[in-house]
Number of protein chains: 6
Amino acid sequence: MPKVVTFGELMLRLSPPGYLRFVQTDSFSATFGGSEANVAVTLAQFGLDVSFITKLPSHEIGQLAVNSMRRYGVDTSHILRDGSRIGVFYLEKGASQRGSKVIYDRENSAIALAKADEFNWEEIFMDAEWFHFSGISPALGDNMANLCRIACKKANSLGIPISCDLNYRKKLWTREQAHKVMTELMEYVDVCIANEEDAEDVFGIKPKHGLASAGVIDKESYQEVARMLVDRFGLKLAAITLRRSFSATHNQWSSILYNGKEFIHSKSYDIHLVDRVGGGDSFSGALLYGILEKFELSKALDFATAASCLQQTIEGDFNLISFDEVLSLVEGNTFGRVNR
Amino acid sequence: MPKVVTFGELMLRLSPPGYLRFVQTDSFSATFGGSEANVAVTLAQFGLDVSFITKLPSHEIGQLAVNSMRRYGVDTSHILRDGSRIGVFYLEKGASQRGSKVIYDRENSAIALAKADEFNWEEIFMDAEWFHFSGISPALGDNMANLCRIACKKANSLGIPISCDLNYRKKLWTREQAHKVMTELMEYVDVCIANEEDAEDVFGIKPKHGLASAGVIDKESYQEVARMLVDRFGLKLAAITLRRSFSATHNQWSSILYNGKEFIHSKSYDIHLVDRVGGGDSFSGALLYGILEKFELSKALDFATAASCLQQTIEGDFNLISFDEVLSLVEGNTFGRVNR
Amino acid sequence: MPKVVTFGELMLRLSPPGYLRFVQTDSFSATFGGSEANVAVTLAQFGLDVSFITKLPSHEIGQLAVNSMRRYGVDTSHILRDGSRIGVFYLEKGASQRGSKVIYDRENSAIALAKADEFNWEEIFMDAEWFHFSGISPALGDNMANLCRIACKKANSLGIPISCDLNYRKKLWTREQAHKVMTELMEYVDVCIANEEDAEDVFGIKPKHGLASAGVIDKESYQEVARMLVDRFGLKLAAITLRRSFSATHNQWSSILYNGKEFIHSKSYDIHLVDRVGGGDSFSGALLYGILEKFELSKALDFATAASCLQQTIEGDFNLISFDEVLSLVEGNTFGRVNR
Amino acid sequence: MPKVVTFGELMLRLSPPGYLRFVQTDSFSATFGGSEANVAVTLAQFGLDVSFITKLPSHEIGQLAVNSMRRYGVDTSHILRDGSRIGVFYLEKGASQRGSKVIYDRENSAIALAKADEFNWEEIFMDAEWFHFSGISPALGDNMANLCRIACKKANSLGIPISCDLNYRKKLWTREQAHKVMTELMEYVDVCIANEEDAEDVFGIKPKHGLASAGVIDKESYQEVARMLVDRFGLKLAAITLRRSFSATHNQWSSILYNGKEFIHSKSYDIHLVDRVGGGDSFSGALLYGILEKFELSKALDFATAASCLQQTIEGDFNLISFDEVLSLVEGNTFGRVNR
Amino acid sequence: MPKVVTFGELMLRLSPPGYLRFVQTDSFSATFGGSEANVAVTLAQFGLDVSFITKLPSHEIGQLAVNSMRRYGVDTSHILRDGSRIGVFYLEKGASQRGSKVIYDRENSAIALAKADEFNWEEIFMDAEWFHFSGISPALGDNMANLCRIACKKANSLGIPISCDLNYRKKLWTREQAHKVMTELMEYVDVCIANEEDAEDVFGIKPKHGLASAGVIDKESYQEVARMLVDRFGLKLAAITLRRSFSATHNQWSSILYNGKEFIHSKSYDIHLVDRVGGGDSFSGALLYGILEKFELSKALDFATAASCLQQTIEGDFNLISFDEVLSLVEGNTFGRVNR
Amino acid sequence: MPKVVTFGELMLRLSPPGYLRFVQTDSFSATFGGSEANVAVTLAQFGLDVSFITKLPSHEIGQLAVNSMRRYGVDTSHILRDGSRIGVFYLEKGASQRGSKVIYDRENSAIALAKADEFNWEEIFMDAEWFHFSGISPALGDNMANLCRIACKKANSLGIPISCDLNYRKKLWTREQAHKVMTELMEYVDVCIANEEDAEDVFGIKPKHGLASAGVIDKESYQEVARMLVDRFGLKLAAITLRRSFSATHNQWSSILYNGKEFIHSKSYDIHLVDRVGGGDSFSGALLYGILEKFELSKALDFATAASCLQQTIEGDFNLISFDEVLSLVEGNTFGRVNR
């Protein structure tokens, strides 16, 4: 069973019940999420041995966060427990023309303030066969950018392949900052994952056609984006998820992948969304699974796309879809019949 | 007011709130259901006098089950109260490409272990004008198969017409077992109801075209199925419900009926599903209502189809749609406007 | 900041959770609403100074009602606190072919029994720049019809423009009663708002084509309705909202406006409904906002239509959509993307 | 199985969750209650055949009310279904020094406006062996007072014994009104039940010592009250419940009974209250049960006191305590151990 | 109607439902609180004109916070809206021997980072007749300590009396820091309020006997503390609340007051706690009310003690007890009877 | 960090919310518990390495059960996943004189039907330093009794000390059956734990005085019980928990311990119960902790008694009290003050 290490922030997610707006609520559901944590849960769900690395305060809310991952089988024994706060994000679920809304309160979290020498990467990477992080981590500040650099270098020196989801967040840093830091980190990366906007935001690599903001996706143009990513950074693989938003309730979901030789296109799914947060992360996790389990590339891409389609039909950031369920969708069972 | 008797199992249904998956939940909504119980509630809802026959433990969860039917006006005075457990099923609601999931824990329930001589059918059928059961009951084991046989014979001897919903459940018995037992029971049946797969599963009677698993329904082929059912078993009526699943959220719903002379096709409804469990049962109940109230066949079929369409827009197995609401949909009010 | 006065009833709205039917529930969510109160909240939400006038009992449920408006920034200092009961309405949310259902229990409410001399209109209208009421208020009985007359006269004498939403409710009065009273009140009205059925119900002004009950809307015909309203009552503006119901879950929403010279048509929105109650009120409120803020008419109409589209994607009668959110939709962001 | 008839109002009870105050809540739990309905449920719970008589609107909230009693086995087939509203009461649960609070909204309910000739008492009393009502019913207005008179006369003429719980409600009528009407009705009554204040409020019969308002109960003084009730009205039995309130959370509960010859005192219970509403009604119901089942008087009183003690440890007005549970407490099992 | 100004932080309070521990919860109830905000709500509840001053981010959670106070009638028009975060505290409710637990996440809140020149005290204090703050505010950092100084000076210069609740929080600053800053601020204070530990923590003024930690309170010793406070700082009044904790569920509550001449002792209440947070604040608010309404001192103290007793029987930080309810308790109605 | 192995059943516990009775509920909270699982969680909570051994079905409810323990840090890697059902128990929470109620539905659970050769004890006990089980396990049937024997023998042969909580359940087996099987198993046991009734139920060893059923506990008599247990079975230690039930809401809790030489008595706690289920298990777990961490016996007993006191103030079977919290209570902090 291959062991994977992912590194990043785990946040408390506070959401009003159902479709209530922030100003209407008097309670929040409390779940946890974070791009790299979501990838870890996806991998654990499929049965891999995965260790999530972060830093969380030692108080009970920090413990609740640890338990949220331990519950789903992620190894949390390397999580540092210190510092004063856990990052928080408030999520209001949209519907129809009303988009979902995120309010971040993640500054000064324990992990954002973590120091380079707090993590023992030697120990963390023991027996590891893969390392994954996303562009959110270095966006959390110089400390985190530095930590990503250190982790990448160490993984590199140990011959551990690295994947990175670009995950550009404009509320965390500017395009210029992202460009500078991510360019440097890409040097270590083997597999790069991006959504339909990331490559442009971070590296200025934009599709000729296919303005995502207008809800239209031109697949040809995105082939070009993938090719440029692979070429510019000497990647083994670049994968791009393509979300076409008709409304906050209805999206179309597909992906493409380029391995330096051929372009692979996934099936496309019309999704009646339950909760779209974490869709990209479950794609990343499921793609890594396919790679680690040595699926053929087209199967890996279909597996990742189906897994992330299903993840968007459940509540919360975490992908709690089983291997069998993904396979069934890959094989064409899209009808949602009752299984009894 | 005609009196109807239905016989079968009543189970506790445990569902996570909203779209939560089983592994996410820390509570279950508790409702009750079972094919023949659902038929009974449908008939009581429309104002008929209906008695539901089963066996439930004498403890408080058994009482909660009895109350769940009493509440909606079903006569529960013939329900036996003994034995140690009530059957349970766990239901996870699907969405979009993710299908709903059922986990049964119904073995060794009080009714499944009931003995032939525990029920006094003479008394139960006093004044009854109809008897209904479904293929789930004999599937619960030899005791239940035997009880179905006894009940059918007694009803037959009293001149009480019998309806049966084939309701094949592959988790309860094999196709071979079903074929053997149901063939025998069909001897007593006047009206047979099936969904788009049952006749094939139980009797090997399959539509030429219209592979339900591919989400396509060929109405012509199902005419043939209905005809074969009527012919083989000397039925007065055979009705088939046709569900086309686009996703767990969106289905198309219609039905056909054959009386040995002509084929009748219902309207077809596009349903935005709230809870599809019990759809077929509400069809059966409403069809019986139409028959007992001596509706013309085409009106009876439209009534049954509209009732079961509406039942799938409410939570729970029970059909809590009023006669007036069904009629309004039959008459073409499909727009869901606010009534104020 | 222009000050607006709205006058009408504020009711306790009791709704079963989610899609539960009345007969299934053992709890009600408790919110508040009423046509003119909803208009007031819409205006406060956009930053105007708005005072809502009504009468509520002095007990704690009356206080809860007051607080429900105070919370969103509406001035409640002129609300009378006396009498014995607050009006109640029970709302069951529909889905698919099953329409929403309203049961009123509003007779003998404090405001319906209020006497003409209880309100000091001189004081209420101090500094006011607009007065709004709807056809529901005079429908509540002779007292209220009289109060509307008095308020209109006083506003008129002070040079305060008046808007009225026809809002015909067949459960409150007959078409004949409505015709008589509303004709008289229209004398004072500058801006009249109606839905696709009101003008016919109240004044017998019906579109040549476009039978709303059949779910079809003919825009041309409604131009004629608007023109006839403006002409018959010497209005400055008539606006008509057009709702095409495909089902209780899916509606199309648009509007037209006539200023005596030209017809303006809004964009049309396909809405996946969360809660449609209050849609018309939020249109009225947002239209008044546009008028008071001196938007061009076409922008005012687009603003009002977008605001009321968004209001139907949130729970409750109140419009809790911000100015920026409306603007974003007006500008074409209909895709419901996450804002992060 | 003796058949009992009870007659009165059934109201919707709306309570904020837990200990929330009215002004804090955004939902209400919805249960049903009313003095005579509560007595009916108590009797049905112990296995008697009991029919509850009232009038409720034909809408779905009326149906929910009917179902609330049908669920617990009360015969509701004689309930009239017409009129426009069901009475409502809002209940806020107190704690410690903060008392519970009730807001009534019961005027003009269907039953309060019911006419004398709407009920067919001949049919209602068919096979009945007991009739019960409380002082709340005639307090609802002249119609109801008249109906009580008619029902009592009819019961009397049929030789059916009558019990009455004085149940004085100062928010419904004055002491003078109560005195006049109740004096007249007492002529028909065989068994009178009262709490520690009723006899004084209605008939001016007060204990020499034992000012309930000061939280002190003098049992001797209440013997005198019971004796005066029996003597003045020629009763067979008078029973008085004695509640000593230490706080909204902690009460002491006992009762006395006088049969014209001897005084019987019940045990006294220290109750940690869950919900005290309906305590007196469950006492009445359980006392009637003892009388009808021909318990010795001291056993009947102990049974009634224990049943009503236990009823105050559950949520809602209805007494859902089983015969065995009451017996166990009567026999001295006051320790609340887990039964496993 | 006297106008009062209070100044401090308003935090989001996140509590697991019921008695769930932090590590068990998957949701939080969301209310708001803060010492000075709680005082403001208390005063508004009794009908005074009160303005709360703070700074909150402009996002929707900030708006939810504003609305939480606006809802209860507090003037929020002077609240600054900027900065990036609102302080949060997590509260787990204790029971029996298990104490309640608070986790603060309030660093870097908008108000803690507010600059001296952001508030226009001239405008804020317009028409004000009282200023109140607590020791928590200056504990939030140098900015806030400075702001308190500025506000006090300005109030002083305008002849506005000042009250201060010492409110020592060891998680916010050391005793030494508190001593230094509070000593300086006390120069402006007229009325000082403290609990049984504050005076010792902040000023080293400790009771001779009465070790609160041992659950014993010696009233004589606390007279001495009050006297020393008055003497050392030239106060008009010093009030001390005395809580004796038997357990997290059961406390005894009383207070003493010294005006430089005589000692006044309040009644003592045995409280079955619902939620003890905010007890001291409601005491402060109610005491100010008594002072502003010119109650005799002993009545003011009894009023304050009764109000704060009742506040501890409701959920949340805010005191939502009405004037009449407090009066009723002051007059001796401690029995928690139902008011109906 | 010593490793402990516990072996037994893990059940789904279904409880109505708050104090609702079974017949009132329409939902259940879903938690998990079982005597030996509860012991495992207690030990993990204090930081030990603990592995829980059971068998659970491979379906999602089985997974939910596994996750419920994994979440709190228990090693679940040796849990077998097969079989068809998980045991269920329904729990209704009592209050005051109304006791809590348990309905078991645990027959034929995966673990009850497990075969002797399914578990690899060699592997399970690798590195183990303690083995714990309770009398419930062998009571589940011959298979389980046999499995307990095998496990005990293996532990014995490896020199691993064994503890056993007698835990007699009269619904599972007779006193005679228990006597026979437990006598045999005690041969391997080093530490025996019992409550105030177990020793009598299982071995006929009864206290001379101290009839628990009458709510009275005579500590002297229980010394004798402990002595007889130690003597008869050659134990190292016998511990007895003593619960005095005043009501379902209020218990007294203490314990005694005998090591063959001296009797140790714990402090006694008056507990305001939140949820008493699991009290004995948390005592066992905490006592084992003390033994494994080599506390002095009196400290170990005080630690266990304090831990189990606190466990009864939280919801659910699991002990989620931290080491520091227990220590604080041991040291005398019984006052439940807020920690802030």
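Predicted model: local features only at pLDDT ≥ 70, side-chain atom pairs only at ≥ 80, totals over all residues.

Start by selecting chains A and C and look at where they touch: 23 residues of chain A and 19 residues of chain C take part in the contact.

Next, hop over to chains E and F. Here chain E puts 23 residues into the contact and chain F puts in 19. Colour the chain E side in the same way: seven residues are nonpolar, 10 are polar and six are charged.

Stay on chain E and pick out helix H2, residues 60-70. Is this helix enclosed or open? 11 of its 11 residues are buried, so H2(E) is largely enclosed by the rest of the structure.

Last stop: chain B. Select helix H10 (residues 297-311) and helix H11 (residues 323-330). Their axes come within 9 Å and cross at roughly 110°. An angle from 65 to 115 degrees counts as roughly perpendicular, and therefore that is how H10(B) and H11(B) sit to each other.

Which residues meet there? From H10(B), show Asp302(B), Phe303(B), Ala306(B), Ala307(B), Cys309(B) and Leu310(B); from H11(B), show Glu325(B), Val326(B), Leu329(B) and Val330(B). Colour this contact by class and you get eight nonpolar residues, no polar ones and two charged ones.

Notes. Residues numbered from 1 in each chain as written. Chains lettered and ligands numbered in written order. Contact = placed C-beta atoms within 7 Å. Nonpolar A, V, L, I, M, F, W, Y, C, P; charged D, E, K, R; others polar. Axes fitted to C-alpha atoms, helices over the stretch in contact; angles between N-to-C directions. Helix = DSSP H or I, 4+ residues; strand = E, 2+ residues; numbered from the N terminus. Parallel < 35°, antiparallel > 145°, perpendicular 65-115°, else oblique. Buried ≥ 20, exposed ≤ 12 C-beta atoms within 10 Å, placed from the backbone.
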